[in-house]
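Work through each task with the structure open, then compare your steps with the solution.

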Amino acid sequence: MKFTKSLPLKGELTIPGDKSISHRAVMLGAISQGTTSVTNFLRGADCLSTISCFRKMGIAIEENPTEILIHGKGLHGLSAPETVLDVGNSGTTMRLLSGILAGQDFSSSLTGDASIRKRPMKRVITPLSLMGASIESIPGNGCAPLAIQGMPLTGIHYQSPVSSAQVKSCVLLAGLYADSTTKVTEPFVSRNHSELMLRSFGAEIQTEGTTVSVQPDPLLTGQKVEVPGDISSAAYFIAAGLLIPGSEILIKNVGINPTRDGILRVCRAMGADIEILNEQEHCGELTADLLVRHSALKGTVIEGGIIPTLIDELPVIAVMAAFAEGTTIIRDAQELKVKESNRLDIIVHHLKEMGADVTPAPDGMVIRGGKPLTGAVLDSHMDHRIAMSFAIAAMAGNGETEILNSDCVSISYPDFYADLRRLQS
Ligand code: S3P
């Protein structure tokens, strides 16, 4: 797909549902008693993979135009899948599902696309093995496909070396099937959607600093889940609104959970004009409308505890930094190397291709902003967040940019290009 300098973006936008919360609603709905209804469910490829995995384990899931209905069978109601569970491109599905499967009384195997089969699964194999699970990387390299023989598990206190909500959630979900309390401590707090949703479904969850604990064998009951708009998807429109002169966009119903709102804090530090309106709360999840106006941005430093709260937004934040006056330093972001692609390398490469002044670092990069960006041919490497971030860079820059493999936005935001076009007219 080709992009050139954009007209001002104007108008209102309701972005699709949060990917993390949509996955969790299906998973918790499946292992709860009764029906869970989910509105604003994200119909992206990743969340559809989660639905398909649970259908293969005997869970009836109805997809209506306005809601998803999951007919849960309780904590011990899943049945053995007859075929391998295919998670597609979804790391969240593979890692969280591993935690659930480890505690079942059947064996299963998990696979996915070429990207997921390269991503590290040792980070879940290690804690699950400590809980007594039988989980194995079939190729023996710590990657998928995974073979899991479900069995009763032991509660542990896991000190996670990474601040990862996927690891934390995997251990907490396995903890539902353990014989005693399960705890996870992480270096910095990662997104807490699992904790909030588990609590609203009836699990006993305690949080103290960077430690979360879960009690085993809860009575989980189906709930009504209203999925907030995904701040990670809103991020592209926040960036577009800030970078494209004359823009003013009202982005409605965006999840602003404090474990996800790092991009708003960074934008503020960069001098962005973003008004937070109409704040609301549902089951512990905060939402708001964001009024974004074109702003002159300045560089900033992004490091430490804020990193997990904006990890998926770093590609588009790096794009904003390239247009900002002054230097932006990103540190402590080595996790970007093991996302859907090696985002650290690809961001640096693509920004350089467009003419930006950027120096890579082992855990981030230094971007000296303000050089004009010009068109280039850029491969998304089938990474949805790379495709969307550089579409915005192209629309704020000069010349024509072609994004190769641009269709991968269907993973998290199928209507992304249509929504961009609509705001331009
Ligand atoms: C997610 C957690 C993050 C994030 C991913 C979704 C989740 O991954 O990058 O897009 O839903 O728990 P990590 O847990 O690997 O940081």
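**Exercise 1: the second largest pocket**

In this predicted model, the second largest pocket has a volume of about 270 Å³. Find which residues lie closest to its centre, and how its lining divides by class.

*Solution.* Start with the lining, which counts 17 residues; Asn89, Asp113, Ala114, Ser115 and Glu340 are the closest to the centre. Then sort the lining by class: six residues are nonpolar, five polar and six charged.

**Exercise 2: the largest pocket**

Now describe the lining of the largest pocket, and state what sits there.

*Solution.* The volume of the largest pocket is about 580 Å³. Its lining has 38 residues, with Ser163, Ser164, Ile311, Glu335 and Lys339 the closest to the centre. Classed by type, 15 are charged, 13 polar and ten nonpolar. Helix 1 supplies the largest share of this lining, four residues. The ligand sits in this largest pocket.

**Exercise 3: the ligand shell**

Which side chains place a polar atom within 3.5 Å of a ligand oxygen, and how much of the ligand is buried?

*Solution.* Step one is to go through the distances. Ser164 has a side-chain N or O atom 2.6 Å from a ligand oxygen, a polar side-chain atom of Lys339 lies 2.7 Å from one, and for Thr92 the value is 3.4 Å. Step two is the area: alone, the ligand exposes 390 Å², and the protein buries 95% of that. Helix 1 gives the largest share of the shell, three residues.

Terms used:
Residues numbered from 1 in each chain as written. Predicted model: local features only at pLDDT ≥ 70, side-chain atom pairs only at ≥ 80, totals over all residues. Heavy atoms only, no water. Polar contact = N/O pair within 3.5 Å; in protein donor to acceptor, adjacent residues only side chain to side chain. Areas by Shrake-Rupley, 256 points an atom, 1.4 Å probe, with all protein chains shown as cover. 1 Å grid on protein atoms, 1.4 Å probe; cavity = no way out; pocket = protein on both sides within 12 Å on 5 of 7 lines; lining within 4 Å. Sits in = over half its atoms within 2 Å of the grid points. Helix = DSSP H or I, 4+ residues; strand = E, 2+ residues; numbered from the N terminus. Points joined across faces, edges and corners; volume = space filled by probe spheres on them. Nonpolar A, V, L, I, M, F, W, Y, C, P; charged D, E, K, R; others polar.
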